[in-house]
Amino acid sequence: MLRVGLGTDLHRLVQGRRFILGGVEISSDRGELGHSDGDVLIHAIIDSFLGATASGDIGEFFPPTDPRWKDGNSLDMLGVVYSHLQEQGWHLLNLDCVVCTEKPRILPSRDKIRDSLARALRVKNDDIFIKGKTGEGIGPVGEGLAVEAMAVCLLEK
Ligand code: MG
C-alpha cells in the first residue's frame, strides 16, 4: 500500500533565536520562534508523515504545553514519529519539500540538510529533496517576518 502525505508549517523569525532547518543550523541574524527549536522544515515533514498514515497532527504528539519539548531538538521529535510509523510497517519512499524564506538562502545549505534528514530517516539522500523560495519581498515571508515550509511524502507498507 502507498500513501501520500502533506504537511506545512510556519514560524515567526525573531532576533536571538537560532535558524535551524532539517537539524542543520544556518547562519542568520534571526531564527525561528517556537516551543521547540522551531525547525519549521521538520515540523512540516512530521505533519506529512502523520497525515499519510492518518495518525493525528503534530500538536497531539508534542503538545506545546509539554515541558519535555521546551527548546527540544526537532530531529528527536522526527525520530519519535518515524519510529512510531515503522512499528506499523511503514517506510519512506521519498520526501519533497519547499522552504520559503527571504533570507538566508537555502541553496548553499541544501545538500547538508538533505544529508541530515537522510541520516535521521535512514534513507538515501536522493530520496529527499528541498527547494528554496523567496517571498518576492511581500507578505510575512517576503518581509522577513516568517519562514514557511511544505513537505510531501510517499510512504509504503
Ligand atoms: Mg512548528
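Select A54: you'll find it in the loop between α1 (40-52) and α2 (58-61). Helices here are DSSP runs of H or I with at least four residues, strands are runs of E with at least two, and both are numbered from the N terminus. A bit of housekeeping: this is a predicted model, where local features need pLDDT of at least 70, side-chain atom pairs count only at pLDDT 80 or more, and totals for chains, interfaces and linings use all residues. Residues are numbered from 1 along each chain as its sequence is written, and side-chain values use heavy atoms, leaving out hydrogens and water.

Stay on A54 and check its backbone. Phi is positive, about 50 degrees, although A54 is not a glycine. Most residues other than glycine have a negative phi. Is A54 buried or exposed? With 63% relative accessibility, A54 counts as exposed; the cut-offs are under 20% for buried, over 50% for exposed and partly exposed in between, using a 1.4 Å probe and protein chains only.

Next, jump to E136, in the loop between β6 (128-133) and α5 (139-142). E136 isn't a glycine either, yet its phi is positive at about 55 degrees. Its relative accessibility is 69%, so E136 is exposed.

Now pick K103 and P104 together. What kind of peptide bond runs from K103 to P104? That bond is cis, with omega near 0 degrees. Most peptide bonds are trans. P104 belongs to the loop between β5 (91-100) and α4 (110-121).

Time to zoom out and switch to cartoon. Along the principal axes, the C-alpha atoms fill a box of roughly 40 × 35 × 25 Å.

Colour by burial next: 46% of the 157 residues are buried. For contacts (heavy atoms within 4.5 Å) between residues at least 6 apart in sequence, 71% join residues at least 24 apart.

Finish by colouring the charges. The chain carries 18 positive and 23 negative side chains, and the centres of the two sets are 3 Å apart. Lys and Arg count as positive, Asp and Glu as negative, with His and the chain ends not counted; each charge is placed at NZ of Lys, CZ of Arg, CG of Asp or CD of Glu.
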